[in-house]
Amino acid sequence: MENTARKKIIFSGIQPTGIMTLGNYLGAIKNWTLLQEEYHCCYSIVNQHAITVRQDPKALRENTLAAYALILACGIDPEKSIAFIQSHVSAHAELSWALSCYTQFGELSRMTQFKDKSAKHPENVNAGLFTYPVLMAADILLYQADLVPVGIDQKQHLELARNIAQRFNGIYGNVFTVPDGYIPKAAAKVMSLQDPTKKMSKSDDNPKSFIGILDQPSTIIKKFKSAVTDSETCVCYREGKDGINNLMSIYSAVTGKDYDAIAAEFEGKGYGDFKVAVGEAVVEELRPIRERYEQLMQDKAYLESCYRAGAEKASSIAGRTLEKVYKKIGFLPK
Ligand code: TRP
């Protein structure tokens with residue numbers, strides 16, 4: 001019989017690098033909030049991953065707090081889930097070192113994100129960029145996570161985390177839970193509004209291509225109005241209609257309507273009406289988040305108490321795993 005006694009453990013992380021987009025929200029954070037009902041969830045603002053690319057110290061500090069406030073504003077409940085900042089839990093860096101000695105140079109060389117990022121920043125191909133996936137493996141394995149919600153771009157890293165866990169377990173016995181990827185049913189892949197063949201990205205040079213979670217309603221409407229579509233007039237989900245498909249997927253994620261219902265709703269209407277409807281639906285979805293975020297940012301003491309408590313809970317779980325690992329490896333106990 002299925003064991004119903006133990007709730008599964010979820011771990012996921014997000015980097016604090018600038019404004020989060022509608023893509024981050026509909027593709028990840030919204031699902032994080034839904035998962036809280038069914039699982040033990042740990043969510044981390046991974047500032048240690050962020051420094052693989054040069055960061056301005058003040059901006060990194062501010063973005064870290066903002067990202068933390070934003071996940072709470074989106075509905076991560078610090079009572080239900082463990083919400084913490086990666087650098088506050090020293091076990092991440094410590095386990096990362098140990099695991100790096102069980103990870104092959106060749107494996108890391110094959111990571112496509114490393115290849116892409118080193119091509120993009122040829123002036124700063126640092127060792128952290130190379131060992132980034134080991135730190136990510138440490139994040140996950142410290143909490144004995146069963147499931148890891150990640151986008152498609154992180155699947156290769158997750159596969160590596162599984163390999164590292166299996167290798168370590170093969171040598172020392174069952175130390176780590178081998179995590180599975182979790183591709184949420186409801187996750188939407190949100191594309192750029194200006195080039196709908198590309199993923200919506202906050203680092204896009206054209207700010208019209210992405211919606212920031214904290215964008216003002218008038219800005220959101222304007223950006224949707226200027227979204228790139230096609231020269232037809234049919235609001236229907238079809239191959240080749242990347243722009244309309246993207247808008248339909250956003251509208252569907254926000255309203256819960258399926259593609260047939262959306263097509264029926266806009267039959268005989270132009271793209272102009274559709275774009276405004278999508279914009280308005282997104283405005284209403286994001287409004288409470290922006291308001292809650294603004295409240296939270298007024299109350300730094302509350303935020304501080306949340307991330308401190310989060311770090312404490314995370315440290316106690318992570319510390320237990322690290323201790324076990326150190327013992328298995330043969331480090332002399334303190
Ligand atoms: N690498 C992930 C990203 O850039 C962020 C991340 C870090 C993460 N550690 C993680 C995601 C652990 C899932 C689990 O998106």
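**Side chains, domains and salt bridges**

Reply: A polar atom of the Thr-33 side chain lies 2.6 Å from the backbone oxygen of Lys-30. A polar contact here is a pair of N or O atoms within 3.5 Å; within protein, one must be able to donate a hydrogen and the other to accept it, and residues adjacent in sequence count only if both atoms are side-chain atoms. This is a predicted model: local features need pLDDT of at least 70, side-chain atom pairs count only at pLDDT 80 or more, and totals for chains, interfaces and linings use all residues. Residues are numbered from 1 along each chain as its sequence is written, and side-chain values use heavy atoms, with hydrogens and water left out.

Me: Where is Thr-33 placed?

Reply: Thr-33 is in helix H1. Helices (H or I, at least four residues) and strands (E, at least two) are DSSP runs, numbered from the N terminus.

Me: Is Thr-33 buried or exposed?

Reply: Thr-33 counts as buried, because its relative accessibility is 13%. Buried means under 20% relative accessible area, exposed over 50%, and partly exposed in between (1.4 Å probe, protein chains only).

Me: Which residues does Thr-33 contact, leaving aside neighbours within four places in sequence?

Reply: With those neighbours set aside, Thr-33 is in contact with Cys-74, Gly-75 and Ile-76. Contact means heavy atoms within 4.5 Å.

Me: Next, the domains. How is the chain divided?

Reply: The domain assignment gives domain 1 (9-187 + 300-329) and domain 2 (207-293). Such bounds come from an automatic or database domain assignment. The centres of domain 1 and domain 2, taken over C-alpha atoms, are separated by 31 Å. Domain 1 brings 12 residues to the contact and domain 2 brings 15 residues.

Me: What area is buried between domain 1 and domain 2?

Reply: About 1200 Å² is buried between domain 1 and domain 2, and carbon and sulfur atoms give 76% of that area. Buried area is the accessible area (1.4 Å probe) that two parts lose on being put together, summed over both.

Me: How many residue pairs are in polar contact between domain 1 and domain 2?

Reply: The count is 5 residue pairs, both members at pLDDT 80 or more. On the side of domain 1 that touches domain 2, the elements giving two or more residues are helix H1 (22-35) and helix H3 (57-73). By class, that side of domain 1 has 10 nonpolar, 1 polar and 1 charged residues. Ala, Val, Leu, Ile, Met, Phe, Trp, Tyr, Cys and Pro count as nonpolar, Asp, Glu, Lys and Arg as charged, and the others, Gly among them, as polar.

Me: And how many salt bridges cross the interface of domain 1 and domain 2?

Reply: The rule finds 1 salt bridge across the interface of domain 1 and domain 2. A salt bridge is a side-chain nitrogen of Lys or Arg within 4 Å of a carboxyl oxygen of Asp or Glu. By this rule the count comes to 16 salt bridges. Glu-285 lies in helix H12 (residues 271-298) and Lys-30 in helix H1, so this pair ties together parts that are 255 residues apart in sequence. The closest N and O atoms of Glu-285 and Lys-30 are 3.1 Å apart. Glu-285 is buried, with a relative accessible area of 18%.

Me: With which residue does Glu-107 form a salt bridge?

Reply: Glu-107 pairs with Arg-167, the closest N and O atoms being 2.8 Å apart. Glu-107 lies in helix H5 (residues 105-109) and Arg-167 in helix H8 (residues 155-172), so the pair ties together parts that are 60 residues apart in sequence. Glu-107 counts as buried at 9% relative accessibility, whereas Arg-167 is partly exposed at 29%.

Me: One more topic: Ser-12. Where is Ser-12 found, and which residues does Ser-12 contact beyond four places in sequence?

Reply: Ser-12 is found in strand E1 (residues 9-14). Leaving aside neighbours within four places, its contacts are Trp-32, Cys-42, Tyr-43, Ser-44 and Pro-149. A polar atom of the Ser-12 side chain lies 2.9 Å from the backbone oxygen of Pro-149. Ser-12 counts as buried, at 5% relative accessibility.
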